[in-house]
Amino acid sequence: MHPLAAASDSTGGFQGPSIDEFFPSVLLFDGTPFEINRIMLARFFAVIVLFLVFWLGTRKMKLVPGRFQSIVEMGLDLVRVNIAEDLLGKKDGKRFLPILTTVFFMVLFMNLTGIIPGFNIAGTSLIGIPLILAAVAYVVFIYAGIRKHPGAFFKNALVPPGVPWPLYIIVTPIELVSTFVLRPVTLTLRLLMNMIVGHLLLVLFFTATSFFLFESGNLFALFGIGTIAFGFVFTLFEILVAVLQAYVFSLLTAVYAQLALNDEH
Amino acid sequence: MLSTTSTVVAAGESHNPLLPATPDLVWGAVCFVAILLIFWRLVLPRMKTMLDERAEVIEGGIKKAENAQAEAAAALEEYNKQLADARAEAAKIREQARTDATRIANDVKAQAQADADRITANATAQIEAERQSALVSLRGEVGSLAIDLASGVIGESLTDDRKASAIVDRFLSELEADEASKAGK
């Protein structure tokens, strides 16, 4: 798994980013299941900031909100109205609101640590968080389906009624794979790969800038201007990706729950 | 600023980004539970309380406005009713005045008619009386005049009063009959 590292060896001075970016050295509790490295610190930081923002933002809520409260309300309403209530309706939206809000803001804040100076790594760029959240989404939609259609959920999902019986030979494996295998896998990989690639791009641009400016010959320094400009643009792009991935992840969690709830055929 | 491969764990050791390490899952789960608790137990209940209060205030405002509107409508209705009453009252008074005026005019007319009739009757009676007296005096004068005239014509004195009187009466009755036939035409 060192294609870039291997390539960089042959170029001499320049060291491109590798997948080892995501496995930084252990800072605490080495060798235990509680090992802490820079990515874990970024996650803790995200949790603390999230707690402070929402604790302070909802501490003394007024009926006529101030600026800060308005922003906090806007964020919470984005999940409550645009995701939960739009897709699941008032009643079911309320049931799943804590999970959906958690998914949205956890992904958002942990994505954003990728562009915070000092961390420069998204808490979601290790497979742990995407995997856990995908598992949560998986449990949520299966739970919703079983509660709504006890006994009939798996049958409806795998052997949808109204299909001529020979087609079940094709339909059932497709449904099994798409519903119960691909959903969590795509949820995990979409978020993970977005964050990994975004981080690698940023590292590439900034290490290249450093290399051009300080290690290469005079004229190559000009390339450094281009690479740092790209680094800046992609930093902005990472903000967009952070918000978008948080939205997509929580939206898909709600969509899967909604499909399970409406699975009547 | 950015970590490079030089700070990474033992060189040559390969990592698969798709295989989760135990600490990754442990701390990921801890973070998830912490955030879930923050939203589930702290933030969303506060938000819900505030939204309920806000909805209550807005509904209260709407209710108040509805009450005010109902009051205004009632006042308008009352005003219209009073206006209609006043109009009806005015119409009644006008009608009363009109009938009074008609009655007074009729009374006056009747009174005048009665006066005129009475005056006319008086005048007629007076005229009749005067005519009678004129007739009587005329009869006396015409008689003596005719006797004188006839005495002259026949050359004798109609001293015989009985005879003379008979002649005059006959003449007058003929005259009257003549007049009556004239009037009858």
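# Briefing: a predicted two-chain model

Arg80(A) sits in helix H3 of chain A, where helices (H or I, at least four residues) and strands (E, at least two) are DSSP runs numbered from the N terminus. The model is predicted, so local features need pLDDT of at least 70 and side-chain atom pairs count only at pLDDT 80 or more, while totals for chains, interfaces and linings use all residues. Residues are numbered from 1 along each chain as its sequence is written, chains are lettered from A and ligands numbered from 1 in the order in which they are written, and side-chain values use heavy atoms, with hydrogens and water left out.

**Confidence**

- The model scores ipTM 0.85 and pTM 0.69.
- Chain B has a mean pLDDT (the predictor's confidence in each residue, from 0 to 100) of 85, and 88% of its residues reach 70 or more.
- Over residues 1-12 of chain B, pLDDT stays under 50. For this stretch the model has 18 contacts beyond four places in sequence, a contact being heavy atoms within 4.5 Å.

**Chain A**

- Chain A contains seven helices and zero strands.
- Of its 265 residues, 47% count as buried. Buried means under 20% relative accessible area, exposed means over 50%, and partly exposed lies in between (1.4 Å probe, protein chains only).
- Among contacts in chain A between residues at least 6 apart in sequence, 66% join residues at least 24 apart.
- Asn120(A) is found in the loop between H3 and H4 of chain A. This residue has a positive phi of about 50 degrees although it is not a glycine, and Asn120(A) is buried at a relative accessible area of 10%.

**Interface between chain A and chain B**

- The size of an interface is often given as the accessible area lost when the parts come together.
- Chain A and chain B bury about 4,600 Å² between them, 76% of it on carbon and sulfur atoms. Buried area is the accessible area (1.4 Å probe) that two parts lose on being put together, summed over both.
- In chain A, Phe23(A), Leu63(A) and Thr102(A) lose the most area to chain B, together 14% of what that side buries.
- The contact takes 60 residues from chain A and 43 residues from chain B.
- Eight residue pairs are in polar contact between chain A and chain B, both residues being at pLDDT 80 or more. A polar contact is a pair of N or O atoms within 3.5 Å; within protein, one must be able to donate a hydrogen and the other to accept it, and residues adjacent in sequence count only if both atoms are side-chain atoms.
- Four elements of chain A give two or more residues to the side that touches chain B: helix H2 (38-57), helix H3 (67-112), helix H4 (128-148) and helix H6 (168-214). The largest share of that side, 14 residues, comes from H3(A).
- By class, the side of chain A that touches chain B has 36 nonpolar, 13 polar and eleven charged residues. Ala, Val, Leu, Ile, Met, Phe, Trp, Tyr, Cys and Pro count as nonpolar, Asp, Glu, Lys and Arg as charged, and the others, Gly among them, as polar.

**Salt bridges**

- Side chains of opposite charge can pair when their charged atoms come close.
- A salt bridge is a side-chain nitrogen of Lys or Arg within 4 Å of a carboxyl oxygen of Asp or Glu. By this rule the count comes to twelve salt bridges over all chains.
- Two salt bridges are counted between chain A and chain B.
- Arg43(A) forms a salt bridge with Asp24(B), the closest N and O atoms being 2.7 Å apart. Arg43(A) is buried, with a relative accessible area of 0%, and Asp24(B) also counts as buried, at 3% relative accessibility.
- Arg131(B) forms a salt bridge with Glu128(B), with the closest N and O atoms 3.4 Å apart. Arg131(B) and Glu128(B) are three residues apart in helix H1 of chain B, so about one helical turn separates them. Arg131(B) is partly exposed at 46% relative accessible area, and Glu128(B) is partly exposed at 37%.
- Salt bridges that share partners join Asp77(A), Arg80(A), Glu85(A) and Lys90(A) into one network.

**Around Arg80(A)**

- The side chains of Asp77(A) and Arg80(A) meet in a salt bridge (2.8 Å, N to O).
- Asp77(A) and Arg80(A) both lie in helix H3 of chain A, three residues apart, about one turn of the helix. Asp77(A) is partly exposed, at 21% relative accessibility.
- Not counting residues up to four places away in sequence, Arg80(A) touches Glu85(A), Leu97(A) and Leu51(B).
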